[in-house]
Amino acid sequence: MADSQFSSAPSPEHPMANPGYGKRSAPDQRPHTGEDFAHLLPRDAAVAAYVDGLCDGADISVKALAKALPYGQCAIRTTLNRLQEAGHLRRGSECVASGENLLWVTRTFFSRTARDNAWWAAFSRGDVPKEPQRATRSKAFILLAALGRTAPALSLSDRDCVALEPGVTEWLNRGATPPEILQALTTGLPSRVHHPAAFVATRLQNKMPPAREPQTVLRSLECSECRAPGTADALPGGKCGPCRGKPTRPAPTLPAQQVRAHARAVRAGLIPKSDRPRR
C-alpha cells in the first residue's frame with residue numbers, strides 16, 4: 001500500500017499500554033495544522049500523524065504500531081528512530097508518585113512540534129521554556145470582562161480588568177479553575193455593591209488559595225539504540241556517543257607505582273591484630 005493512500009487516522013480500537021506506560025504528549029505544542037509533518041518522509045509523516053492522534057497511554061511500541069499500520073516492525077523501528085532524530089520523540093524514564101512510594105516507569109514522549117536538543121534537555125529537567133505567544137487577552141482578563149454576565153453588580157470597565165488581571169492570574173497560577181474563581185467572587189454578594197472593582201480586589205486578596213508546593217521532576221532519557229540512560233545533553237538526536245560512532249575515552253587509571261604507594265599507606269595505617277581492643 002502506498003504511503004499516499006494510507007489514512008493516518010488512528011483506530012478507536014488501538015490498544016492501550018499497561019498503566020503508567022505508553023505515549024506521553026509533550027507540553028506546549030502548537031495547534032494542529034495540515035502541515036505538521038510535511039518536513040518528514042511520507043512514511044514517517046504517516047506514522048507521526050497516527051501517533052499524534054492517539055491518546056496518552058496508548059501503546060506505541062514497535063509491535064503495536066506494526067499491527068495497526070501497513071508497515072513491518074523493521075520499518076516502524078526505523079521510522080521511530082527518524083522521528084527521534086527530527087525532534088518529535090524521545091524515550092526515557094520518569095519517577096512518579098504512587099501513594100507514599102516513588103516508581104520509575106518507562107515513557108515515550110511525543111511532540112507534534114519538532115523540538116531541538118536544548119528543548120528536550122530543558123524538558124528532562126522539568127524546566128520547559130515557554131514559546132512567545134501572540135499579544136492576546138489573557139484568561140484572567142477574559143474572566144474579569146465576563147464577570148458582569150454572571151453577577152451584573154460586578155460589571156467592570158476595561159481599566160478595572162487591566163488593574164485586577166494580576167490578581168486573577170495569581171489564582172490561576174495557584175491551581176484555581178475559572179469556575180472556582182467565579183464562585184469565590186460572586187457567592188454571597190451584598191444587596192448593593194458600590195465599587196465593583198474595589199469589591200473584587202478585596203475578595204481576590206482575602207480568599208486567595210494557598211500557593212502550590214513546587215514539584216521536583218525526576219526524569220531521564222535513554223539511547224534509542226542501546227537503551228543506555230543519560231542526560232539529554234549526552235543524547236543529541238536521542239543517541240549516545242558510541243551509537244553515533246563517536247569514540248569513547250578510556251577511564252583514567254593511576255600509574256602502578258602510585259597504586260602501590262597507596263596500598264603501602266593503607267597497610268601502614270592498619271592497627272596490628274595484637275593491639276586491637278577485644279570485644
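This is a predicted model: local features need pLDDT of at least 70, side-chain atom pairs count only at pLDDT 80 or more; totals for chains, interfaces and linings use all residues.

Reader: Where is the place of Lys-63, and why does Lys-63 count as buried or exposed?

Author: Lys-63 has its place in helix 2; helices here are DSSP runs of H or I with at least four residues, strands are runs of E with at least two, and both are numbered from the N terminus. Buried means under 20% relative accessible area, exposed over 50%, and partly exposed in between, with a 1.4 Å probe and protein chains only. Lys-63 has 57% relative accessibility, so Lys-63 counts as exposed. Residues are numbered from 1 along each chain as its sequence is written, and side-chain values use heavy atoms, with hydrogens and water left out.

Reader: What does the whole chain look like in helices and strands, and what share of the residues counts as buried?

Author: The chain has 10 helices and 5 strands. Of its 279 residues, 34% count as buried. Contact means heavy atoms within 4.5 Å, and among contacts between residues at least 6 apart in sequence, 64% join residues at least 24 apart.

Reader: Why is the pair of Trp-119 and Trp-120 called what it is?

Author: Rings of Phe, Tyr and Trp (its six-membered ring) pair if their centres lie within 6.5 Å; planes under 30 degrees apart count as stacked, over 60 as edge-to-face and the rest as tilted. By this rule the count comes to 5 aromatic pairs. For Trp-119 and Trp-120 the ring centres are 5.1 Å apart and the planes stand at 90°, so the pair is edge-to-face. The rings of Trp-120 and Phe-123 are set with centres 5.6 Å apart and planes at 85°, so that pair is edge-to-face too. Trp-120 and Phe-123 both sit in helix 4 (residues 117-124), 3 residues apart, about one turn of the helix. One aromatic cluster is formed by Phe-109, Trp-119, Trp-120 and Phe-123.

Reader: Why do Trp-119 and Trp-120 count as buried?

Author: Trp-119 comes in at 7% relative accessibility, so Trp-119 counts as buried. Trp-120 is at 0%, and therefore counts as buried as well. Phe-123 is also buried.

Reader: How do you know that Arg-137 lies over the face of Phe-141?

Author: A charge sits over a ring if NZ of Lys or CZ of Arg is within 6 Å of the ring centre and within 35 degrees of the ring normal. Arg-137 lies over the face of Phe-141 at 4.0 Å from the ring centre.

Reader: What makes Glu-222 buried, and what is Glu-222 in contact with?

Author: Glu-222 has a relative accessible area of 17%, so Glu-222 is buried. Its place is in strand 4 (residues 219-222). Leaving aside neighbours within four places in sequence, Glu-222 is in contact with residues including Arg-91, Gly-92 and Arg-227.

Reader: And why is Arg-227 called partly exposed?

Author: With a relative accessible area of 44%, Arg-227 is partly exposed. Arg-227 lies in the loop between strand 4 and strand 5 (229-230). Arg-227 also has a positive phi of about 65° although it is not a glycine.

Reader: Why does Leu-54 count as buried?

Author: Leu-54 is at 7% relative accessibility, so Leu-54 counts as buried. Its place is in the loop between helix 1 (42-53) and helix 2.

Reader: Which residues of helix 8 are buried, and what do they pack against?

Author: In helix 8 (residues 178-186), the buried residues are Ile-181, Ala-184, Leu-185 and Thr-186. They pack against helix 5 (139-145), helix 6 (147-150), helix 7 (158-173) and helix 9 (196-206).
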